[in-house]
Amino acid sequence: MAVDLASFAVAFVTLLIFIKIPDIIHNTEETPGPFLKSCMSGINYLREHRALLRIILFFSVVNFLAKAGNDGMMSAFILGRTGGSQKALGMAEAAVSLGVLAGSVIVTFVKPPKNKTKVIFISCIFTFLLGDVMLSLTSSLPYWVVSAFVSYVLVAVLGANLNTVMRVHVPLEMQSRVFSARDTLQNITIPLGLFLGGIWADHVFEPFMNRPSAIQHALALFFGAGKGSGIAVMFFIVGIIGFILSIAALRNPLYQSLNDSK
């Protein structure tokens with residue numbers, strides 16, 4: 001708590017004293033429109049800019065997969081695999097936070113890439129491979145910790161480049177409305193992913209992997225048996241789907257327009 005509050009104080013003082021927000025010249029002839037029309041203007045802007053809308057919808061799918069996979073089910077997976085070890089879960093969760101911190105430091109000091117969409121989708125590819133597919137195939141705590149750290153370094157790099165793309169391609173006067181629309185579209189799938197992930201784990205995959213059958217025996221060779229094995233199968237499926245979608249997005253020429261500077 002003390003470290004958390006201290007970091008908040010540093011961020012607050014930095015924003016208060018050292019960051020200058022430029023003045024925005026408003027058109028005095030403009031009058032605020034109806035509330036609903038103002039809300040829809042962000043959606044309409046995205047509809048007029050197909051590449052921006054597509055990348056946002058792509059990440060709405062990614063968010064769903066993440067919450068149904070490693071990002072939403074890591075606690076249940078590790079506790080199931082380790083017999084409820086809080087120490088193991090704490091180490092993995094700490095690695096997540098350290099990974100986000102390290103990724104943020106990296107994007108702060110490394111020169112921004114010219115092909116930002118390539119960095120975004122490659123980061124996505126390796127996040128699904130390391131954080132879901134490979135995680136599902138091992139019972140090693142050291143690997144879980146390393147996987148959590150590296151995966152969230154990539155997530156931080158991905159997020160920074162995605163935000164840069166949005167800020168470059170959305171005019172300043174439209175950013176609040178467009179970003180609100182973006183956050184709604186991207187994050188609306190998160191509760192659904194958490195909800196369905198829990199149902200699939202408790203009522204489909206975990207019972208299936210604890211009920212002897214020919215398929216269960218075959219899967220157990222790769223994902224083990226007992227608690228957590230069903231969630232491991234879920235991680236593998238989610239990781240493969242995310243990997244395929246990310247490869248397809250990387251090869252899609254539509255997103256190349258987002259690498260152009262305004």
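In which helix is the place of S136? S136 belongs to helix α6, residues 116–136, where helices (H or I, at least four residues) are DSSP runs numbered from the N terminus. The model is predicted: local features need pLDDT of at least 70, side-chain atom pairs count only at pLDDT 80 or more, and totals for chains, interfaces and linings use all residues. Residues are numbered from 1 along each chain as its sequence is written, and side-chain values use heavy atoms, with hydrogens and water left out.

S136 is buried, at a relative accessible area of 0%; buried means under 20%, exposed over 50% and partly exposed in between, for a 1.4 Å probe and protein chains only. A polar atom of the S136 side chain lies 2.6 Å from the backbone oxygen of V133. When neighbours within four places in sequence are set aside, S136 is in contact (heavy atoms within 4.5 Å) with R81, F222, F223, A232, F235 and F236.

S104, in helix α5 (residues 86–109), is partly exposed, with a relative accessible area of 31%. The C-alpha atom of S104 is separated by 26 Å from that of P191, and the two residues are 87 residues apart along the chain.

Helices α2 (residues 35–48) and α3 (residues 50–68) pack at an angle of about 110 degrees, and their axes are 5 Å apart. Axes are lines fitted to C-alpha atoms, for helices over the stretch in contact, and angles run from 0 to 180 degrees between N-to-C directions. The two helices α2 and α3 are therefore roughly perpendicular, a term for angles of 65 to 115 degrees. On the α2 side, Y45, L46, R47 and E48 meet R50, L52, L53 and I56 of α3. The residues of this contact comprise 5 nonpolar, no polar and 3 charged, with Ala, Val, Leu, Ile, Met, Phe, Trp, Tyr, Cys and Pro counted as nonpolar, Asp, Glu, Lys and Arg as charged, and the others, Gly among them, as polar.

The largest nonpolar core has 29 residues, and L52, I55, F58, F59, I120, V170 and V178 have the most contacts inside it. Such a core is a set of buried Ala, Val, Leu, Ile, Met, Phe, Trp, Tyr and Cys residues joined through side-chain atoms within 4.5 Å. Two or more residues come from each of α2, α3, α6, α7 (141–169), α8 (175–187) and α11 (229–250). The most are given by α3, with 9 residues. Apart from neighbours within four places in sequence, I55 is in contact with I120, F121, L162, Y255 and L258. A second, separate core has 22 residues, including A88, L135, A232 and M234.

Conventions: Parallel < 35°, antiparallel > 145°, perpendicular 65-115°, else oblique. Polar contact = N/O pair within 3.5 Å; in protein donor to acceptor, adjacent residues only side chain to side chain.
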